[in-house]
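Here is a short tour of a predicted model, meant to be read with the structure open beside it. Let's start with the fold of one chain and then turn to the interface.

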Amino acid sequence: DQQVKQNSPSLSVQEGRISILNCDYTNSMFDYFLWYKKYPAEGPTFLISISSIKDKNEDGRFTVFLNKSAKHLSLHIVPSQPGDSAVYFCAASVPGNNRKLIWGLGTSLAVNP
Amino acid sequence: GAGVSQSPSNKVTEKGKDVELRCDPISGHTALYWYRQSLGQGLEFLIYFQGNSAPDKSGLPSDRFSAERTGGSVSTLTIQRTQQEDSAVYLCASSLDYQETQYFGPGTRLLVL
């Protein structure tokens, strides 16, 4: 049973436009959400995170929005660049003493020049 | 500074053999995690080490899997009597503390023939 769902396996966007990656979750105990980016043959790289007490966090071109009532978060990349082409994973963790991450299956983003 | 390193980067083995995968976390990081990603699947938590505390082994899929962390630094994941379904990318991550961002190594790609 997937507790973290990324329903779009792939997304294609034109350079300069906005990329919106979506993530839904089922466990209301999650209190911390993260986005990781992964290039082929590399490990995931941390991108941005958000605590459940917030609804928005922004870092440069990347903004994460959290809608707790809908159990939905999204990652906005604007403007999108070809170097952003990668697989993006949404992950969540519950309070506790290990903070293990529960992961979505990822969305492959292609930014076309 | 140096990131998380893992070795070997690739491992091909025959069914029934034992394998050892190594992880060198970022210096000073007290928390260490092992995950694996099977083909077409999301990342799956395996085991977590935090300082001198007993590890959280709740994600290990069978008793053929074990891990240790010596001296609070390097960790070794051992898979005994490997099976074809063990084929996956095994990822190690470390964080300064369990509440902090996890940083990933490049992974070990294991193929069991």
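Helices (H or I, at least four residues) and strands (E, at least two) are DSSP runs, numbered from the N terminus. On that basis chain B has ten strands and zero helices, so reading from the N terminus gives β-β-β-β-β-β-β-β-β-β. The radius of gyration of chain B is 13 Å, close to the 13 Å of the globule rule for 113 residues, so chain B is as compact as a globular protein of that length. That radius is taken over C-alpha atoms, and the rule is 2.2 Å times the number of residues to the power 0.38.

This is a predicted model, in which local features need pLDDT of at least 70 and side-chain atom pairs pLDDT 80 or more, while totals for chains, interfaces and linings use all residues. Residues are numbered from 1 along each chain as its sequence is written, chains are lettered from A and ligands numbered from 1 in the order written, and side-chain values use heavy atoms, without hydrogens and water.

Now to the interface, where contact means heavy atoms within 4.5 Å.

| Chain | Residues in the contact |
|---|---|
| chain B | 20 residues |
| chain A | 17 residues |

The area buried between chain B and chain A (accessible area, 1.4 Å probe, lost on being put together and summed over both) is about 1,500 Å². Carbon and sulfur atoms give 58% of that area. On the side of chain B that touches chain A, β4 (31-37) and β5 (43-50) each supply at least two residues.

Methods. Buried area = accessible area lost by both parts, 1.4 Å probe.
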